[in-house]
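Hi everyone, thanks for coming. Let me put it on the screen.

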Amino acid sequence: MSSETAVSAAPAVSSPPAALYGGASKRRVTVRDIAAAKERHEKWPMVTAYDAMTARVFDEAGIPVMLVGDSAAMVVYGYDSTLPVTVDDLIPLTAAVVRGSSRAMVVADLPFGSYQSSPQQALETAARFMKEAGAHAVKLEGGHRVLPQVELLVSAGIPVMAHLGLTPQSVNTLGGYRVQGRGQAGDELMADAKALEHAGAFALVLECVPTDLAHRVTTSLSIPTVGIGAGPYTDAQVLVWQDLMGLTPRPAKFVKKYFDLAGEMDRAVRAYADEVVSGAFPTPEHSYR
Ligand code: KIV
């Protein structure tokens with residue numbers, strides 16, 4: 001068949017591009033899909049995930065991008081900040097999320113101390129997440145300080161999601177978990193955002209920044225912004241799944257609780273325990289002959 005014939009055999013009306021969320025496509029989401037969504041001004045949801053079963057639920061719900069966040073330090077490992085978690089802690093979680101999903105892009109967070117010292121260190125860490133866990137992209141925190149890291153990773157073929165605003169790995173220099181980018185700091189954040197885009201980042205998380213600033217950054221960049229505590233104008237939103245499901249005891253102001261998982265689990269485990277104590281469980285229905 002000549003290329004001319006192949007072209008003329010194509011349907012007269014091409015099918016619309018698959019939406020990132022709610023689209024029919026069964027293949028993995030790629031950075032090209034994410035770039036195309038920005039061009040279409042299409043908003044999309046991202047959630048964190050840390051295990052295979054939860055990842056499967058989110059994947060089947062159509063969530064296009066899952067982040068194995070270093071928030072695992074707090075919500076999985078029980079630390080009081082993200083600082084202690086290591087690459088060795090996060091690689092098995094990332095591998096589980098990749099195994100539990102078939103459509104979502106899985107982004108692995110590079111933990112504190114695993115990329116800051118040099119671009120070479122960043123490349124070695126990111127390569128471990130790609131080779132050992134099957135991650136499709138990595139995320140790292142910071143602006144101008146990490147531009148050489150972003151450039152090297154991108155040139156090595158590793159998609160990079162950047163992260164500005166409240167960067168929890170810098171909580172000690174930021175003086176706590178507080179809103180970032182007010183006043184003059186907003187101009188610095190804007191400059192960092194443009195530099196990260198220029199360095200090749202495919203998306204930018206904006207955490208805890210004023211709505212106006214997030215709006216300006218979003219309209220100034222051609223890569224998508226992913227907001228968390230950054231108001232309604234970012235291209236995407238991300239939440240830690242334990243926050244949105246109501247498992248976190250004291251969530252931040254920016255969290256909307258969509259379910260009372262802690263309450264439901266409490267009710268269920270008490271019902272189970274009461275039935276064990278009373279002898280109501282197990283019945284013949286749950287026993288073998
Ligand atoms: O670690 C994490 O979960 C994150 C998101 C909150 C953006 O960085």
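This is a predicted model: local features need pLDDT of at least 70, side-chain atom pairs count only at pLDDT 80 or more; totals for chains, interfaces and linings use all residues.

Asp-70 has a polar side-chain atom 2.9 Å from an oxygen atom of the ligand. For Lys-139, a polar side-chain atom lies 3.0 Å from a ligand oxygen, and for Asp-109 the distance from such an atom to an oxygen of the ligand is 3.1 Å. How much of the ligand does the protein bury? Taken alone, the ligand exposes 260 Å², and 95% of that is buried by the protein.

The ligand takes up space that is the largest pocket, which holds about 860 Å³. There are 36 residues lining the largest pocket, and the closest to its centre are Tyr-177, Glu-207, Asp-243, Ala-252 and Phe-254. If you want to find the lining on the screen, look for helix 4 (72-75), strand 4 (137-141), strand 6 (203-207), strand 8 (236-239) and helix 11 (241-244), each of which supplies at least two of its residues. By class, the lining of the largest pocket divides into 19 nonpolar, eight polar and nine charged residues.

What about the second largest pocket? Its volume is about 420 Å³. Here 23 residues form the lining, and Pro-45, Gln-237, Val-238, Leu-239 and Tyr-258 are the closest to the centre. Strand 1 (44-48) and strand 8 are the elements that give two or more residues to this lining. The classes here are 17 nonpolar, three polar and three charged residues.

Last, the backbone. Most peptide bonds are trans, and most residues other than glycine have a negative phi. With that in mind, where is the cis peptide bond that I'd like to show you? It joins Phe-281 and Pro-282, with omega about 0°, and Pro-282 sits in the segment after helix 12 (261-278). The other detail is His-41, which is not a glycine but has a positive phi of about 55°. You'll find His-41 in the loop between helix 2 (31-39) and strand 1.

Conventions: Residues are numbered from 1 along each chain as its sequence is written. Side-chain values use heavy atoms; hydrogens and water are left out. A polar contact is a pair of N or O atoms within 3.5 Å; within protein, one must be able to donate a hydrogen and the other to accept it, and residues adjacent in sequence count only if both atoms are side-chain atoms. Accessible areas come from the Shrake-Rupley method with a 1.4 Å probe; for residues, only the protein chains shown count as cover. On a 1 Å grid over the protein atoms alone, a cavity is a set of points where a 1.4 Å probe fits but cannot get out, and a pocket is an open set with protein on both sides within 12 Å along at least five of seven lines; lining residues have an atom within 4 Å of a point. A molecule sits in a cavity or pocket if more than half of its atoms lie within 2 Å of its grid points. Grid points are joined across faces, edges and corners, and a volume is the space filled by probe spheres set on the points. Helices (H or I, at least four residues) and strands (E, at least two) are DSSP runs, numbered from the N terminus. Ala, Val, Leu, Ile, Met, Phe, Trp, Tyr, Cys and Pro count as nonpolar, Asp, Glu, Lys and Arg as charged, and the others, Gly among them, as polar.
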